[in-house]
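User: Could you take me through this model, starting with where it comes from?

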Amino acid sequence: MEKRFTDNGDGTVTDHKMKLMWKQTDGFQDDGEFMNWYDSQKYLRNLNIEEFAGYTDWRLPNLEEALSLYDPERRIRDMDRFEIFIDSNFSPGGSYTIWTSEEKPFENAVVFYYRYGYEDLAQKFGAYNKCSVRALRKTE
């Protein structure tokens, strides 16, 4: 039986089940700051300009993709040293909340909480919600 996640050794992790490649660290780990939704877009543009790991199609996950990482059987520590429930192939020390591509009315977008295992809405321009971005791309 093949492992679901593989550390590719280049700062990325492949999810064989979902056929996705994730950046191993999140935006908080890379920049040391939380991001509003618009900042996450800039972060992704920069990854694509830099051709991170040789690719130019990095993007935000949709809700289904974000949810697919959540696994109560797996855990690492976030920046507050609390458990978040994602695979240990990802780097510890990141944010526990990430933005998704799911935009909603009134300048909101869906966020997913890996500490708690649920989604919620957050204002896209909000600066105090401890959100970050986990970049991904399709592998096929």
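Predicted model: local features only at pLDDT ≥ 70, side-chain atom pairs only at ≥ 80, totals over all residues.

User: Which residues of helix 2 are buried?
Analyst: Trp 37, Ser 40, Tyr 43, Leu 44, Leu 47 and Asn 48 are buried in helix 2. Buried means under 20% relative accessible area, exposed over 50% and partly exposed in between, with a 1.4 Å probe and protein chains only. Helices (H or I, at least four residues) and strands (E, at least two) are DSSP runs, numbered from the N terminus.

User: Where do they sit around the axis of helix 2?
Analyst: The buried residues fall within an arc of 135° seen down the axis, so they line one face of the helix. The arc is that of the directions from the helix axis to the C-beta atoms. The face turned away from the buried side carries the exposed residues Ile 49 and Glu 50.

User: What do the buried residues of helix 2 pack against?
Analyst: They pack against strand 3, helix 1 (27-31), strand 6 and strand 7. Contact means heavy atoms within 4.5 Å.

User: Which residues have the most contacts inside the largest nonpolar core?
Analyst: Leu 44, Phe 90, Trp 99 and Tyr 114 do, in a core of 34 residues. Such a core is a set of buried Ala, Val, Leu, Ile, Met, Phe, Trp, Tyr and Cys residues joined through side-chain atoms within 4.5 Å. Strand 3 (20-23), helix 2 (37-50), helix 3 (63-69), strand 6 and strand 7 each give two or more residues to this core.

User: Changing topic, what is the strand order in the open sheet of four strands?
Analyst: The order is 8-7-6-9, with mixed pairing. Two strands pair if DSSP finds at least two bridges between them. Strand 6 (residues 97-104) and strand 7 (residues 108-113) run antiparallel and are joined by five bridges. Ile 98 has Phe 112 in strand 7 as its bridge partner.

User: And Arg 137: buried or exposed?
Analyst: Arg 137 counts as buried, at 9% relative accessibility. Its place is in strand 10 (residues 136-138).

User: Which side chain joins Arg 137 in a polar contact?
Analyst: The side chain of Asp 57 does, at 2.7 Å. A polar contact is a pair of N or O atoms within 3.5 Å; within protein, one must be able to donate a hydrogen and the other to accept it, and residues adjacent in sequence count only if both atoms are side-chain atoms.

Technical notes: Residues numbered from 1 in each chain as written. Heavy atoms only, no water.
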